[in-house]
Amino acid sequence: MKFSTAQRHPMGNPRGVILFFGLFVLLILSWKIIYLVTDWFWFLETGYESLFVKTLATQIIMALIFGIGFFFFFWGNLYLALRLSSLPVNTGIQGGFPLPFGIAPDRPLKEPILAASLIFSFFAALQGATHWEAYLRFVHASPFGTTDPLFGKDIGFYVFQFPFLKALYGWLLSSSIVVTAGTGMIYLLRRSFLFIPPRRLFVSPSAKTHLLVLVTALFFLGAFGFWLELNEVLFAKRGVVFGPGYTEVTTQIWVLKTLVGLAAVCGAALAAFIFGLNWRFPAVAVLLLLTVMIVGRGIYPNFVQKFKVVPNEIVLEKPYLERNIKYTRLAYKLNDIDDREFPAEATLTRRDLERNQLTVKNIRLWDHVPLLSTYSQLQEIRTYYRFMDVDNDRYLVNGEYRQVMLSPRELSYPSLPSRTWVNEHLIYTHGYGIVMGPVNRISPEGLPEFFIKDIPPASTADIGVSRPEIYFGEASNEYVFVRTKRPEFDYPVGEKNVYTRYEGKGGVPLSFLRKLLFAARFGALTIMLSDDIVAESRVMYYRDIRDRVGRIAPFMRLDGDPYLVLSPEGRLLWFLDGYTTTARFPYSEPTAGIGNYIRNSMKAVVDAYDGSVDLYISDPDDPILRTYARIFPGIFKPLAEMPEDIRGHIRYPPGMLAIQARMYRAYHMQDPQVFYNKEDLWSIPGKATGHGSEQEMEPYYTVMKIPGEAKEEFILLLPFTPRNKDNMSAWMAARCDMPHYGKVIVYNFPKQKLIYGPRQIEARIDQDTEISKQLSLWNQGGSQVIRGSLLAIPIESSILYVESLYLAAEKGRLPELKRVIVAFGNAIAMEDNLDLSLQRIFGGRTARDSAIPLAGAGTDYRGEGQKTDRELALEALSQYRKAQEYLKQGNWEGYGEALRRMDEILQSVEKRR
């Protein structure tokens, strides 16, 4: 059989392929270079250029190592195959012929091999560059100081070194498979395979030896892969909890160790076969390897799990449950939680409230959602301003510790009156000002009162805004130019506008070349053509604060709720929490979307005016953050270096406490038997969403006095209820004020006593005839009642419940706070404000607000002066209800005291007549 040597080359013109691919790569690199250069300008401006250089240099080094390594591996083997296939072969067999495809030996393949090598190496280099972070973590790993219970390795090995080893193995395996396939293809194309009738295939000795060497390497590499799988057993889940249980430990450890040995034996047998050993030895070794894989990894463990473990689960899994409990508590920092007892007594009195005036005065009556709507209606001023969120914080206002609600007024670019390029990027460059008000004050119209409001900001307390411009925020657009010939819009005054010129240090300076680069980056030729952009102009980009911090610390998981702080100097500063997470903590139960380890290790502070970013270490004991501090020395500052006047505004993040609370529901049980049976499983109470469904209650901030402490502090709080029950079982509190920041306490309620939970209080509110009648009346005639969050407020050794009711028209959406409901013990009261509701239940007057003048304030509902007849009547009613409660308890002393007090009140009313 004859084959023509004039067949068309299967790869066409390889030089054309190389040229086309080279132009393609050059085009991609040119755009990448533009982004890199302009990013370099940005890192220079922010002062984090060392991070940029370290990251880029590592990416380039990794790309070169992986790319060049693959090139020589691929090109070397294919070129060797080309040379070996060109040698004459004496088969010694008559009647054989090559397979019916291929290329005649006189056709050149050097250029196609070179082209393929360059193309594959380019993609190998791109893949290698993605492993820069894993490599740096591998090199700069910090120990956790805790070892895994199965192999005795420090947990840092699994978090920092194992991921890089796994990535390296994946690259080596894929590269070896590609090279082996490519080498075989060369031998096939060069007719190194002969078909001998009737059913025999002859392979040239050089091709056989070469391919066997590559396959031998694959088996030795497979031994390394099985060793990695052996370590991966720590992250298995087959039993009742995460981590290796009885089945994995008793069946998979020895099976994987056997597979490591068998893979090495297969490689050695193939190597010996190359030198003349009988083919049966490698065949038997490979068959045995496949048998152990199928039986040992699938059939055998499933059999043990089904017929041995499941019938005796608690007995066999007990030691592994103990490990899961121990390591989960370590990974989520549950071991540091301080467990205390809370008596939950129904003994709260008016005098107790007076002793805790600061707590009562800081009970939050305004919910975030209705308050955001109200702020939007009252204080957005213009259609192009938006309040994105409302934040909780605490300030010293006129010398008094107050919890406040604060919201920045940001510029909404989609709402601009005219969305031209000049408007969006030269004129409308920033938001303006904030609104701030106390959490507990309402005007006679049911609207919030303000410490700071309006444009320009007007303050009626001893705090104010000196730099109200917000160039960096949550709603900023991609880029703006400042210090241009065009004056920047600052704020509106009546029918006119006030304009300004940027005076800060933020933004990247411009030159002709830089204008050209930014025009290419932003795809805006207008940047080059505009006469408004001059030599002293600056460009601001990465203005979204989460994006800004994320560019500097891409290895941190950032919180989704930044909050704004007003510094004592009147500057606006964004605070953003950063978390370190991993899914490589042995035996720790994972959380969806997070992993199975988390620490709130970083506090980022971004200046809203100049965009400067400072990163502070909030958890110096976190090994992951310590590793990144080694990789990028100097980018993190100790928390002690944060200015003291703003350090008082750091908060324990609600997201962190929510994750810890979800884990603590089960992992407060440390006895494996109790844990297995879920005997004391807790739940997070649900709250109505207004759409007929429920969602978990979110942690909420309050100012209160921790039992046993001398003064009030800012607390993040969340209650617990038993599973499938509605009574309260405990509450969790995270302390936010120095020097106790970060301390988490769980107060457990007596199990033999019924303490009403949030859902039970909500049900009792719904069943109250007076309240139900009022709600039905309000829900008629085009109005809608909005029920606020039910807050459980611990005071002394009791729990007080407070819920606000808002009324909003279906059109207009201006929610007004109309009633405040207070529940304590068996008593429920709904009045116009918190003070009156407390009077109905406890009698007398409670905490009075200090006379802080408020912007636009109406009559203070806690106004000073003599008690009215209505207030005295409510106090008498409260004493009567107390007397009935004491009567049920058999407390005759309390019963007599309550009746005596009621009699005194009624006599004082009678004397007025």
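**The largest pocket and its setting**

Tutor: Sorted by class, the lining of the largest pocket holds 19 nonpolar, 12 polar and 17 charged residues. This is a predicted model, and the description that follows should be read with that in mind. In total, 48 residues line the pocket, and those nearest its centre are Asp-367, Lys-687, Ala-688, Gln-695 and Ser-789. The space in the pocket comes to about 1400 Å³.

The lining draws on several helices and strands. At least two lining residues come from each of the helices α12 (368–379), α19 (654–667) and α21 (758–767), and the strands β6 (391–397), β25 (686–688), β26 (694–696), β27 (700–704) and β31 (783–787) also supply at least two each.

Among contacts with a separation of 6 or more, 68% join residues 24 or more positions apart. The accessible surface of the chain is about 40300 Å², with 58% of that area belonging to carbon and sulfur atoms.

The confidence of the prediction also deserves attention. The average pLDDT of the chain is 87, and 89% of the residues reach at least 70. Residues 1–11, however, have a pLDDT below 50, and this stretch makes 15 contacts in the model beyond near neighbours in sequence. Residues 846–865 likewise stay under 50, with 57 contacts beyond four places in sequence. Where pLDDT is low, the predicted coordinates should not be read in detail.

Some details of the backbone complete the picture. Most residues other than glycine have a negative phi, and most peptide bonds are trans. The bond from Ile-455 to Pro-456, by contrast, is cis, with omega near -10 degrees, and Pro-456 sits in the loop between β10 (452–453) and β11 (458–459). A cis bond also runs from Met-738 to Pro-739, with omega near 5 degrees, and Pro-739 belongs to the loop between β29 (730–735) and β30 (744–748). Tyr-542 has a positive phi, near 50 degrees, in the loop between β17 (538–541) and α16 (545–552); because its relative accessible area is 8%, Tyr-542 counts as buried. Lys-678 has a positive phi too, near 55 degrees, in the loop between α20 (672–677) and β24 (682–683); with a relative accessible area of 29%, Lys-678 is partly exposed.

Methods. Residues are numbered from 1 along each chain as its sequence is written. This is a predicted model: local features need pLDDT of at least 70, side-chain atom pairs count only at pLDDT 80 or more; totals for chains, interfaces and linings use all residues. Side-chain values use heavy atoms; hydrogens and water are left out. On a 1 Å grid over the protein atoms alone, a cavity is a set of points where a 1.4 Å probe fits but cannot get out, and a pocket is an open set with protein on both sides within 12 Å along at least five of seven lines; lining residues have an atom within 4 Å of a point. Grid points are joined across faces, edges and corners, and a volume is the space filled by probe spheres set on the points. Helices (H or I, at least four residues) and strands (E, at least two) are DSSP runs, numbered from the N terminus. Ala, Val, Leu, Ile, Met, Phe, Trp, Tyr, Cys and Pro count as nonpolar, Asp, Glu, Lys and Arg as charged, and the others, Gly among them, as polar. pLDDT is the predictor's confidence in each residue, from 0 to 100. Contact means heavy atoms within 4.5 Å. Accessible areas come from the Shrake-Rupley method with a 1.4 Å probe; for residues, only the protein chains shown count as cover. Buried means under 20% relative accessible area, exposed over 50%, partly exposed in between (1.4 Å probe, protein chains only).
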